[in-house]
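I would ask you to look at the sequence and the model together while I talk.

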Amino acid sequence: MTAHSSARGSIERRTGWCALAMVAVIVINAAVSLALGAIPSSWTDDARVEVGEFLADPGNIDRSLAFFAFSNLIFVFGIGFFAGLRRLADGFDDSGWTKGVVTLGAALFLAGGLVSETLHTGIAVALHLTPSYELDANAILLLQSLWPTALAQGQVGLGVVVVALSIGAWRAQGLPSWLIWLGIVAGVLAIMRPTVVSQVPLFI
């Protein structure tokens, strides 16, 4: 085994572990928040009352702070994951185009995730830091309705990255055909998700 192949294998393993860890954090955070009580949905008819009562409870604020802190691990592992993808892209495309797509797509994905998380559970941080703030349920609902929009744009970036890497792997014959097609389908679905962003239950 050459030093180059050994280094590439190490990068692939680290990238894979970062991807698994990022997905695990997303799944665990979603499951725990649903089990323990996340901020109520903003698309129900009585959302203004439910959200207002939820955020008026200090215990709910504390739990939301914990969810916000835990969700930051998505970015910790996401950075490692996308950094690995940039390096692996060199093996598919010597021109650097695929690496550029990964860089910009990853930036859009992470920015969308950051904004959406800030508008969602980040509200609890703002309320914790400004105890004299008078809660306005209507303003909270506006912010809650904006976070899926930011998340949708981030998912477009992720979808473009997955499609570009899948096509690059197909041209270089670097992955099994079934995995390449799976990546293309998943990427296209991610790109199309903003079309249902106004249907929040379906989008989520």
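Leaving aside its neighbours within four places in sequence, which residues is Ile180 in contact with? They are Ser166, Ala169, Trp170 and Leu175, where contact means heavy atoms within 4.5 Å. Before I continue, please note that this is a predicted model, in which local features need pLDDT of at least 70, side-chain atom pairs count only at pLDDT 80 or more, and totals for chains, interfaces and linings use all residues. Residues are numbered from 1 along each chain as its sequence is written, and side-chain values use heavy atoms, with hydrogens and water left out.

Let me stay with Ile180 for a moment. Ile180 lies in helix H7; helices here are DSSP runs of H or I with at least four residues, strands are runs of E with at least two, and both are numbered from the N terminus. Ile180 has a relative accessible area of 4%, and so it is buried. For these classes, buried means under 20% relative accessible area, exposed means over 50%, and partly exposed lies in between, using a 1.4 Å probe and protein chains only. Leu182 is also found in helix H7, which covers residues 177-192. Its relative accessibility is 49%, and therefore Leu182 counts as partly exposed. Ile180 and Ser33, in turn, are 147 residues apart along the chain, and their C-alpha atoms are separated by 33 Å.

I turn to the overall picture. The protein has eight helices and zero strands. Its C-alpha atoms fill a box of roughly 60 × 35 × 25 Å, taken along the principal axes. Of its 204 residues, 37% count as buried. Among contacts with a separation of 6 or more, 78% come from residues 24 or more positions apart.

Next, the interior. A nonpolar core is a set of buried Ala, Val, Leu, Ile, Met, Phe, Trp, Tyr and Cys residues joined through side-chain atoms within 4.5 Å. The largest such core has 16 residues, of which Phe81, Phe82, Leu85, Val161 and Leu165 touch the most other members. Helix H1 (3-36), helix H3 (58-89), helix H4 (97-120) and helix H6 (137-172) are the elements that give two or more residues to this core. H3 provides the largest share, six residues. As an example, Leu85 touches Thr15, Val102, Val161 and Leu165, not counting residues up to four places away in sequence. Another core, of 11 residues, lies apart from it, with Ile39, Phe54, Leu55 and Ala124 among its members.

What aromatic pairs are there? A search of the whole structure finds two. The ring centres of Phe81 and Phe82 are 5.1 Å apart and their planes stand at 55°, so this pair is tilted. By the rule used, rings of Phe, Tyr and Trp (its six-membered ring) pair if their centres lie within 6.5 Å; planes under 30 degrees apart count as stacked, over 60 as edge-to-face, and the rest as tilted. Phe81, Phe82 and Phe109 form one aromatic cluster, and both Phe81 and Phe82 are buried.

Gln144, in helix H6, is buried, with a relative accessible area of 2%. Gln144 touches Ile39, Pro40, Ser42, Leu119, His120 and Ile123, not counting residues up to four places away in sequence. Gln155 also lies in helix H6 and counts as buried at 13% relative accessibility. Asn29, in helix H1, is buried at 12%. Beyond four places in sequence, Asn29 is in contact with Phe67, Phe70 and Ser71.

Finally, I come to the second largest pocket. Its lining includes Leu55, Asp57, His128 and Tyr133. H3 gives the most to this lining, with three residues. By class, the lining has eight nonpolar, two polar and two charged residues. Here Ala, Val, Leu, Ile, Met, Phe, Trp, Tyr, Cys and Pro count as nonpolar, Asp, Glu, Lys and Arg as charged, and the others, Gly among them, as polar. A pocket is an open set of points on a 1 Å grid over the protein atoms alone, where a 1.4 Å probe fits, with protein on both sides within 12 Å along at least five of seven lines; lining residues have an atom within 4 Å of a point.
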